[in-house]
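Let us take a friendly walk through this structure. Have the sequence and the coordinates open as you read.

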Amino acid sequence: MVIMTTTSSLTFQPVLERIAEEIERTPGRGRPADYIPALAARDPRRFGMAVAELDGTVYGVGDWREPFSTQSITKVFTLALDLAREGDALWEHVGREPSGNPFNSLVQLEYENGIPRNPFINAGALVVTDRLLTRTGDAAGALLSFLRAESGNPELDFDAEIAASESAHGDRNAALGHFMASYGNIDNPVPVLLDQYFRQCSLTASCADLALATTFLARHGVRADGTRLLTRSQAKQINAIMLTCGTYDAAGDFAYRVGLPGKSGVGGGIIAVVPGRCTLCVWSPGLDERGNSVAGVAALDRFTTLTGLSVF
């Protein structure tokens with residue numbers, strides 16, 4: 001049953017409360033990311049969800065103000081910050097196609113001469129962070145400043161414990177960096193790049209923070225203060241890559257079930273965009289075998305079903 005379909009009459013709070021009640025009754029929630037020790041202890045039954053309208057109004061339910069580790073969600077924002085600076089030249093160094101392989105795979109890089117398939121697998125995110133680092137001198141710092149401004153939360157910060165945990169277990173990311181450097185697709189020293197990348201992924205934020213921070217993509221590239229970060233075409237490009245690549249090798253199923261551009265992280269968060277209308281963030285730490293939040297995907301599926309809001 002569709003509760004409401006017209007934007008003029010849409011009220012999000014009752015929808016979120018209904019979703020939270022349904023999720024609470026769902027038995028299987030997946031498992032937290034145990035390969036990052038700092039994330040392994042999270043309770044998979046935690047759940048929060050927020051919706052942000054374009055004027056900054058935020059609705060939320062459950063643990064929607066609880067900070068969590070954003071992980072790969074930050075890849076969306078570093079992509080936007082770099083694309084705003086260098087434009088289409090970025091696409092000479094990273095592709096725009098779904099990978100069909102795990103997010104930390106080394107296999108495709110050799111076949112494709114060190115050019116990652118898309119910006120949201122780890123290899124592609126390393127390239128984007130590297131290029132942003134070259135242009136700013138501090139990619140992680142640029143990301144943090146941007147997210148603080150867009151969310152309106154000056155307290156956002158990196159989690160040193162999680163960054164150290166990822167660094168201590170980051171051999172595969174180091175291998176990806178060195179492999180791409182051997183093809184000339186990394187500009188900065190790999191250890192410096194990895195430090196920036198692990199800091200970036202360790203950022204903690206709440207569903208409310210991330211829903212607000214993502215609204216520039218629903219506003220077709222316009223930031224919260226009214227200035228333009230991206231052209232309308234660039235915002236469309238990022239939303240398109242989120243739809244086709246944002247949930248690793250489950251992107252087809254996510255598009256089928258949810259029908260929105262989205263980006264997940266192994267901390268259990270997922271952001272999603274309804275262009276011209278609103279943005280969402282959902283968090284629940286239990287993951288499926290592809291690294292996406294089980295309850296998060298289910299909640300977004302219910303949201304688009306109940307509201308009729310989708311890009312399709």
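Two strands are said to pair if DSSP finds at least two bridges between them. Helices (H or I, at least four residues) and strands (E, at least two) are DSSP runs, numbered from the N terminus. What you see is a predicted model, in which local features need pLDDT of at least 70 and side-chain atom pairs count only at pLDDT 80 or more, while totals for chains, interfaces and linings use all residues. Residues are numbered from 1 along each chain as its sequence is written, and side-chain values use heavy atoms, with hydrogens and water left out.

**Strand β8 and its partners**

In the hairpin of β7 and β8, 3 residues sit between the strands, and Gly276 has a positive phi near 80°. Strand β7 (residues 269-274) runs antiparallel to β8, and 6 bridges join them; Val274 is found opposite Cys278 of β8. Strand β1 (residues 48-53) also pairs with β8 in the antiparallel sense, over 6 bridges, and here Ala52 has Thr279 as its bridge partner.

How many residues of strand β8 are buried? For β8 (residues 278-283) the count is 6 of 6, where buried means under 20% relative accessible area, exposed means over 50% and partly exposed lies in between (1.4 Å probe, protein chains only). In a regular strand, side chains alternate between the two faces of the sheet. In β8, Cys278, Leu280 and Val282 point one way, Thr279, Cys281 and Trp283 point the other way, and all are buried.

Val58 belongs to strand β2 (residues 58-62). Its relative accessibility is 23%, so Val58 counts as partly exposed. Leaving aside residues up to four places away in sequence, Val58 touches Ala50, Val51, Ala52, Trp64, Ala208 and Leu212; contact means heavy atoms within 4.5 Å. Phe146 is 88 residues from Val58 in sequence, and their C-alpha atoms are 19 Å apart.

**Salt bridges**

Side chains of opposite charge can pair when their charged atoms come close. A salt bridge here is a side-chain nitrogen of Lys or Arg within 4 Å of a carboxyl oxygen of Asp or Glu, and by this rule there are 14. Three of them are listed below.

| Pair | N to O distance |
|---|---|
| Arg31 and Asp34 | 3.3 Å |
| Arg131 and Glu86 | 2.7 Å |
| Arg117 and Glu112 | 2.7 Å |

Arg131 is buried because its relative accessible area is 7%, and Glu86 counts as buried at 13%. By contrast, Arg31 is exposed at 59% relative accessibility, and Asp34 is partly exposed at 48%. Arg117 is partly exposed at 24%, as is Glu112 at 25%. Elsewhere, Arg42, Arg46, Asp63 and Glu66 are linked in a network of salt bridges.

**Annotated positions**

Which residues does the UniProt annotation "binding site" cover? The unreviewed entry gives Ser72, Asn122, Glu166, Asn173, Tyr197, Tyr248 and Val266. UniProt positions follow the numbering used here, feature names are shortened, and annotations may be inferred rather than shown by experiment.

Glu166 sits in helix α7 (residues 160-168) and is buried because its relative accessible area is 8%. Beyond residues up to four places away in sequence, Glu166 touches Ile36, Gln71, Phe198, Cys201 and Ser202. Val266 is in the loop between β6 (262-264) and β7, and at 5% relative accessibility Val266 counts as buried.
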